[in-house]
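The exercises below are meant to be worked through in order with the model in view.

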Amino acid sequence: MSEPMARSPFSHTPGLSGAPAHRFPRPPLSRLGLSPGKKTRLKRLLYDHGPGGGTLLVLPIDQGLEHGPVDFFANPESLDPQYQYELAREGKFSAIALHIGLAEKYYHEFAGDVPLILKLNGKTGVPSDAQAFSPLTGTVEDAVRLGADAVGYTVYVGSPAQDRDFLQFTGVRQDAERLGMPVVVWAYPRGEAIAKKGGKESLYAVDYAARVALELGADVVKVNYPVASEKDKESPSPYNSLALDPNDAFRKVVESAGRALVLVSGGEKVEDADLLRKVRSSMDAGATGIIFGRNLWQRSKPEALRLTRELHAIFREYAQPPA
Amino acid sequence: MSEPMARSPFSHTPGLSGAPAHRFPRPPLSRLGLSPGKKTRLKRLLYDHGPGGGTLLVLPIDQGLEHGPVDFFANPESLDPQYQYELAREGKFSAIALHIGLAEKYYHEFAGDVPLILKLNGKTGVPSDAQAFSPLTGTVEDAVRLGADAVGYTVYVGSPAQDRDFLQFTGVRQDAERLGMPVVVWAYPRGEAIAKKGGKESLYAVDYAARVALELGADVVKVNYPVASEKDKESPSPYNSLALDPNDAFRKVVESAGRALVLVSGGEKVEDADLLRKVRSSMDAGATGIIFGRNLWQRSKPEALRLTRELHAIFREYAQPPA
Amino acid sequence: MSEPMARSPFSHTPGLSGAPAHRFPRPPLSRLGLSPGKKTRLKRLLYDHGPGGGTLLVLPIDQGLEHGPVDFFANPESLDPQYQYELAREGKFSAIALHIGLAEKYYHEFAGDVPLILKLNGKTGVPSDAQAFSPLTGTVEDAVRLGADAVGYTVYVGSPAQDRDFLQFTGVRQDAERLGMPVVVWAYPRGEAIAKKGGKESLYAVDYAARVALELGADVVKVNYPVASEKDKESPSPYNSLALDPNDAFRKVVESAGRALVLVSGGEKVEDADLLRKVRSSMDAGATGIIFGRNLWQRSKPEALRLTRELHAIFREYAQPPA
Amino acid sequence: MSEPMARSPFSHTPGLSGAPAHRFPRPPLSRLGLSPGKKTRLKRLLYDHGPGGGTLLVLPIDQGLEHGPVDFFANPESLDPQYQYELAREGKFSAIALHIGLAEKYYHEFAGDVPLILKLNGKTGVPSDAQAFSPLTGTVEDAVRLGADAVGYTVYVGSPAQDRDFLQFTGVRQDAERLGMPVVVWAYPRGEAIAKKGGKESLYAVDYAARVALELGADVVKVNYPVASEKDKESPSPYNSLALDPNDAFRKVVESAGRALVLVSGGEKVEDADLLRKVRSSMDAGATGIIFGRNLWQRSKPEALRLTRELHAIFREYAQPPA
Amino acid sequence: MSEPMARSPFSHTPGLSGAPAHRFPRPPLSRLGLSPGKKTRLKRLLYDHGPGGGTLLVLPIDQGLEHGPVDFFANPESLDPQYQYELAREGKFSAIALHIGLAEKYYHEFAGDVPLILKLNGKTGVPSDAQAFSPLTGTVEDAVRLGADAVGYTVYVGSPAQDRDFLQFTGVRQDAERLGMPVVVWAYPRGEAIAKKGGKESLYAVDYAARVALELGADVVKVNYPVASEKDKESPSPYNSLALDPNDAFRKVVESAGRALVLVSGGEKVEDADLLRKVRSSMDAGATGIIFGRNLWQRSKPEALRLTRELHAIFREYAQPPA
C-alpha cells in the first residue's frame, strides 16, 4: 500500500488565482520506479554534482548541429567546444549535454569532472521543419562506453514524422532500460497541425508535449516555457479560453509531466532579470532544473560564471533531501 | 471430435425481430486455442480480479497520449495517473490499461493489486488521421518484465497505412505467442475509404474491424458500439439496407469477432442510464466486458466508485463458470 | 541424364484447334525438385487427404479479411469459422486455407482431421487497390508450430508495390525452404498498368502471373480462370489477337506455370453446371485441383456436401499415381 | 612490385582511327584480386565448361519474369524451361542464368552438367520503369545450396531508386565475398535522367554503367552494345561529339569496365550475320563472352545448336591461357 | 586537469584584419580522444607515409562513380585505375581513396606500398541532386579485411534526405569505433534549402558542414574551399555581411571543424599557381592536408609527379611533431 504523493491539481491551487506562488515539491526519487542503474546515475546528477539538493543545472552545446556555427558569433570563444566544457567544470554544472562528436573528441579531458548527458539524436536547421525528425547520431551503448550518466533524445510531438520518431525513441528507451541509463526527452511540439492549434509555444502544445514524454517513458523532460499569445484562441477547448498567468501555465505543464522530472529550456539570450525570474517561477512550479545554453555561453567566461553562481544560489533554496 | 459451440446466426435470432434480448453466451476459455501462458494470464483477468465470472472491467488511461491533457480538465484530479491507479484498485477493476511511461513510473506502487494491460502502440491526436498508424511505444518483453497480464494494440482497419500496421502487429502477435501473453486489439476503422463507406461508427466498419481482429489473431477485441446513421446508405450491400436495431447490430459485431472476446468501448462521457443500458445490451449480446475510461475517471472518486459498484452488480448477473 | 517430361506446346495441341480436349498430365511429384520436407507435406495433401490421386480440393476462408463479413450474409452459418472447418472435415477436403487468427482459435479442434494451409499475408478490401500489397499476418514458423502442411502467399503481379512484395515473398520462400514447407502462391495481377493492358482477368495478365509464380519459386500456384473480353485488344502482341477458346487459354496458363502445380480459383458463386464445367476444363488442361470458397460455403451444409461429393467424383477420374 | 597490365587508352588505339581492329587481350584471372572461392568458381566457368579458353557463353532465361511469357511465342517449345536447360547442355554453354524458381524446379536434372548462374533480383515488365528497381528473388546462400558457380544482379544505373539498389547490391556483394561466389552485374542505364542525356543505349549511358559496375565490385559485367543516334547530342561533353565507330565505342566501354570481365548482351533477335559480327567485334574489343537468350532459344533446337557451334568456333579463336 | 589548446577565435586573429597570415597549428594527435586502433592507423597516415610530419596528401579516385568516365577524357591513361595507383605509389601519397570495386580488383598489387582509405558510400551523377543521398557501397569490415587505414563517408548536409544519411553514418561511425578505424567525412552542403541560403560554396554552407562533421564524430573532414559571391547576401546573419577575405573565411571553417582534422578538396582542375596558393592558404589556416584528384591525375604522369614533388616540399614546411 503506498501513500499518495502530494497532488496539486492546477485548477485548485492558489497560484491559479494570482496569489503569491506556492512552492510545489518535486517527485521524490524513490517514487519514480527507477531501476538500480537509472537511480544510481540520476542520483549522481541530482545530488553529487552541480547545485545538488535534487536539482539539475545542465549546460547544452548541441546548437552547432541544430543551428550551425551561427550561434557562436556572439561570443567567438564559444566556437571551441572546450569553452563550454571549461564553463561546465568551473561553473560546477550538474552535466553537459552534447552529441557524440563533441563527446569523443573532447570529453576525455573532462571525464570524472563533469557528468555527461549524451544527446542521441539531432538534425541541422537547414531543411524545413515541416517533417521534423531527428535521426540517431549516437546510441545508449555509446553513452555507456563514454561514462555518461544520461542520454538525451528529441521528440517532435505532432510532426507528420511522429510515427518514425516514436519507433526510434522506443528503441532508445529499451536500450536505456536494459543498461540502466536515465533518458532525458527534449519534448518539442512541431509541424503544421501544431501551427494551426496555437503554435509551438502555446500552452496547449507545450502541455501536450510534456504528457507525451511521460507516456513514452521519459525520466526527465525538457520543455519550453509556454508563451501566451493571440494564437491561443486556435487551441482546442478549453485551452483557447484558459488565460492562465505564466506561473500557473507552467505549473500546469509540470503537472502534465507527472513523475517525469522537468527541465526548463533557456531559448534565446534574454536579460538577466527575466532569466532569473523564469528560473524562480519554474522551480516554484516544481521543476527540477534548467538547461540553459546560449544564455550562458554567449557571455564571456567571467560573466557566465557570475550568472552561474547566482543560479547556484537560487537552486540552494530549492534543495530537497533524497527520498 | 469436438462438440459444436452454441451458434446464433445473426439473422435467425429473436433479437433481430425486436423481441426481448436473448442472452448470448460467451465462448468458453477452453475452446479458444490458448497456449498455457495465455490461458494462465487471461483466466487471471477473467476470474481472479475484477467482477470475475469470466467478465472484464478494464480502466484505460491512454487518453493523455491519444488526446492530450485536454481530457483531464473535466476532473482535474485525473491529470495525475495515480488517480486512475487508485480508482482501479479501489474499484476492483479487472485491469488497468496504459502505456509504458505510466507503467514504469507508477505501477510499482500497485503491482500485485491491479492487473496490468500494457498498451504497446499509440499516437497523438495532433496530426491528421488520414494515414492513421500507431507506432510501438513498448514491447511484449516490456510487458513481461513489468508483470503485465496482457498487451494492447491498436489496429486502424482501412487506413492507407494498414500494411505497415499489419506487419507491426504480426511482430507483436508472434512475441505474444512466444511469451504466452494475451493480446487485446483496439480495432478501429479509419481513413478516407472508411469515411466513404458509412464512416467509422457504421455497422459496416465496426463489423469489418471486429472480423479483422479475429483473423489477425486477437485474443480480445475492443470495438466501438456501432451507431446507425444516414451515412449507412453509403455502406456496401447489404449493410446499406439492414436497419438493425442497436442490440442486433452489436450482436452482429460480436458474432463477427468469433472466438475473440469482445470489450465494448466507452467513448465520450454520457448519462448514467444510457451507459448502463449500453452495458446490459453488450453483455446480452455476448460481450465479455467493457473498457470505460472517461465515463469513469472524469468523475470524482466517490461518483466513479458508486458507478463502478453498479457495473460490478450487473456483471455478476452475467457470470459464467470457467470451462 | 533425365527423360524429358511430356511437353505440349500450346500452339500445337488439338485443343487449340477447337477439337475435343485432350487430358494433359500433371507434372509428377518426383520431378519437382522438392526437398524431403516439402515432398512429405505435399504428398500428404495430394494423396493422403481429400480426393487423393495427386489432386487438391482446397477450402479457403480468408474472405472475412479480404472482403469483410459481407460475404457471409448469403449463408449466415458461414460467419462462424467453425462452419467451414466442419465442411472441410465432413467433405473430406485436401486442406483448409486461412489466416493465423482462424488457425489459432479453431484449428485445435480439427487438428489431425483436416490439413491446414496457413495463409501468410492478406489485407482488407477497404482502401483502394492502386498500390495493392498484402503484408504478412503470419510466418512459416507459425505454420510449422500449428502443424500446417503448406503456406499460402498472395503476390500482386504488376502492382506498383511489386518490389516490396517480391522482397517479402523471398523471405517467406527462404523460410519455407529451410523448414521444408510447400508454398502456394495466390498469383493475382493488379494495378493501373495491368488495367491498361487488358485487365486482371485477361489471358495476358493471368498467363504472366502464372509464370511469375513459377520464377519466384512457388510450389503450387492459384490462378483465376482467364476471361476473354474486348479489353484483350489492349494486351501486348500477340495476346491482343490470340482469340483462344477458354479451354486453350487455360491450358496456356498451365503451361506457363511449368512445374508449379496449378489450383483454379472459384471466384463469385455461379451455377452448378458452370462450376463443374470449369472444373473439368481445368483438370483436362493439367490443373492439380481447385480452391473454391464462396461457391461452397455460401450454401447450406447439405447442399455444399452434395456438391463436394460431385467434385470428389470428378477428381477420381483424374487420379494419377505418385511418381 | 607488379608489372603493369597492357593498357590501351581508347583515344590512342588504331581502332579509333578506323583501321582494322586490334585484338585487345582480356585481363588475366590472376590479376583480378579474387578470393580462392571466387577464383575456383570463375575459372570453372571460363576454362572447364563452355567454349573454355577464358571465354563465357551464357544462356539466360529470365525473360519469363522480365517480359512475361510473350517472348516464348516465337518458339513455343521455349515456354518450357526444360528447353533452355537442354539447349545449354547440348550446346555446351559455359552456364545457364535464371531465377530461383527455375533453378529449384528444374536444375536438379541438369546439376553437374550445366553450370548455374543464379539471378538474384528481377522484376516484371508490367509497371512503368520510371522508378526501375529489381528486388531480391534469391540470395547468395540459395546459390551456394544449389551448387551455382556465380550469381547475377541487375543494377539500374541512373534510376531514381538507385540508392536502394546500391544498398541491396552491397548486401549481395558482401555475401558473395564471404562465400566466395563470383558476381555478374547486369549494368542497365535507366530512368528519366538517362533518357534526357542520350538514352539508355547511348555510349554515355553504357559507358557510365560499365564503370559503375566496376566501382561497386562486379566480377563480371553484362552490358548492352552502345548504339549511336541523334540523341547522343544530348549526352554530356565530350560524348555529344565523339562520333566513335561501333567497334571503338564498344572498346571504350570495355576499358571503362576495367578488371570486371565483360559480357555482351544479345537483346532482341537479329540476323545471323549481324549477330556474329557483333560477337567478333566484342571479342576483339576485349570482351570475355556473350549472354544471348532470345537470339538462341527463339529458334528451333537444331537451328539454335547450329548457331551455337558457330559461336564455339569463334570463341576458340579468342582462347587465352589461364594466368 | 588538461592544458587548454591554443585557441584563435576567428574574429580576433590578425588574419581577419587583412594582415599577413598567421600559421595556425593543427590539433595534436594526443588530444583527439582516439581509441588505440584509430590512433595507430591515423598516425600511420600522418607520419609514416606521404609527406609525413602530421600532414595528409590524399589521392581520390571515386570520380568514375560520382561523375562517370567523363572525367578521364582529359588524360586517357587515367581511365585505368592502375594509373592512379601508380601515381599514388610513385608520388608517395599518404593514401589513395576509392570504392570497394577498385580496391578489390587493384589494391592487391599495391598493398603495403600505398595506404588505403576505403570510400564507403557514393552515388552516380545521373539523377538530380535534389534528394542527394549516397548509399553504402562498402563497410568498415570490408576496409579492415582489405588492410585499409581509414574509411571515407559522404554526408550531404542540408539535403532533404539528411535523416537517412545521419542514420546510415551513425552505423558506420559505430562500426569504425568498434574496429578502431578512422573516419574521414566528405562534408558537402546540398539541397534546395542550401541553394536558398547562399549556395553550396558559400561560407555559411561550408562552415555549417564542417561543424556537422565534427558533431557527428568525424576524425577527419574534407571540405570545399568557400567561395564568396553575391549569393552570400542570402545567407543567415551575420554570414550575409561578413565579407571575410578567402584566408580568413577558410580559417573560420577550420575552427568550426574543431578537433576534426581538415582536408581541402581540389575540385576542378585549375592553374598551378592558383593551386599552390590554395594549398599554402589552407595549411596556414590549420588544415592537415589536401585531397586532390582531377588536379593531379588529369595530367600526364611526369607532370603529375612534378606537381606532387612541389606539394611535398610545401608540406615539409608545415611539419609538426607527433604529440
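**Conventions**

This is a predicted model, in which local features need pLDDT of at least 70, side-chain atom pairs count only at pLDDT 80 or more, and totals for chains, interfaces and linings use all residues. Residues are numbered from 1 along each chain as its sequence is written, chains are lettered from A and ligands numbered from 1 in the order in which they are written, and side-chain values use heavy atoms, with hydrogens and water left out.

**Exercise 1. Determine which rotation superposes chain B on chain C, and which residue of chain B comes closest to the axis.**

Step 1. Copies are superposed by least squares on the C-alpha atoms of residues with pLDDT of at least 70 in both.

Step 2. Chain B is brought onto chain C by a rotation of 72° with 0.0 Å of shift along the axis, the RMSD being 0.0 Å. This is the relation of a five-fold axis.

Step 3. The residue of chain B closest to the rotation axis is B:R164, with its C-alpha at 9.9 Å.

Step 4. For chain E and chain D, the superposition is likewise a rotation of 72° with 0.0 Å of shift along its axis and an RMSD of 0.0 Å. In chain E, the C-alpha nearest that axis belongs to E:R164, at 9.9 Å.

**Exercise 2. Describe the contact between chain B and chain C, and state how many salt bridges are counted there.**

Step 1. Contact means heavy atoms within 4.5 Å. By this criterion, 49 residues of chain B touch 46 residues of chain C.

Step 2. The size of an interface is often given as the accessible area lost when the parts come together. Buried area is here the accessible area (1.4 Å probe) that two parts lose on being put together, summed over both. Between chain B and chain C about 3,800 Å² is buried, 58% of it on carbon and sulfur atoms.

Step 3. A salt bridge is a side-chain nitrogen of Lys or Arg within 4 Å of a carboxyl oxygen of Asp or Glu. The count between chain B and chain C is 7. One salt bridge pairs C:K105 with B:D219, their closest N and O atoms lying 3.0 Å apart.

**Exercise 3. Describe the contact of chain E with chain D, and find which residues of chain E lose the most area.**

Step 1. Chain E contributes 45 residues and chain D 49 residues to the contact.

Step 2. The two chains bury about 3,800 Å² between them, with 58% of it on carbon and sulfur atoms. On the side of chain E, the residues losing the most area to chain D are E:F73, E:K105 and E:V126, together 19% of what that side buries.

Step 3. The salt bridges between chain E and chain D number 7. A salt bridge joins the side chains of E:D142 and D:R173, at 2.7 Å from N to O.

Step 4. Some chain pairs have no contact. Chain B and chain D are not joined by any contact, and their closest C-alpha atoms lie 18 Å apart. Chain C and chain E also lack a contact, with their closest C-alpha atoms 18 Å apart.

**Exercise 4. Work out how helix α3 and helix α12 of chain C pack, and which residues make the contact.**

Step 1. Helices (H or I, at least four residues) and strands (E, at least two) are DSSP runs, numbered from the N terminus. Axes are lines fitted to C-alpha atoms, for helices over the stretch in contact, and angles run from 0 to 180 degrees between N-to-C directions.

Step 2. In chain C, α3 (residues 81-90) and α12 (residues 301-317) pack at about 35°, with their axes 10 Å apart.

Step 3. From α3(C), the contact takes C:Y83, C:E86, C:L87 and C:E90, and from α12(C) it takes C:K301, C:A304 and C:L305.

Step 4. In chain D, a salt bridge links D:E86 and D:K301, with 3.1 Å between the closest N and O atoms. D:E86 lies in helix α3 of chain D and D:K301 in helix α12 of chain D, so the pair ties together parts that are 215 residues apart in sequence.

**Exercise 5. Locate D:P238 and A:A243, and describe the backbone at each.**

Step 1. Most residues other than glycine have a negative phi, and most peptide bonds are trans.

Step 2. The peptide bond joining D:S237 and D:P238 is cis, with omega about 5°. D:P238 sits in the loop between β6 (220-223) and α9 (246-257) of chain D.

Step 3. A:A243, a residue other than glycine, has a positive phi near 50°. This residue is in the loop between β6 (220-223) and α9 (246-257) of chain A.
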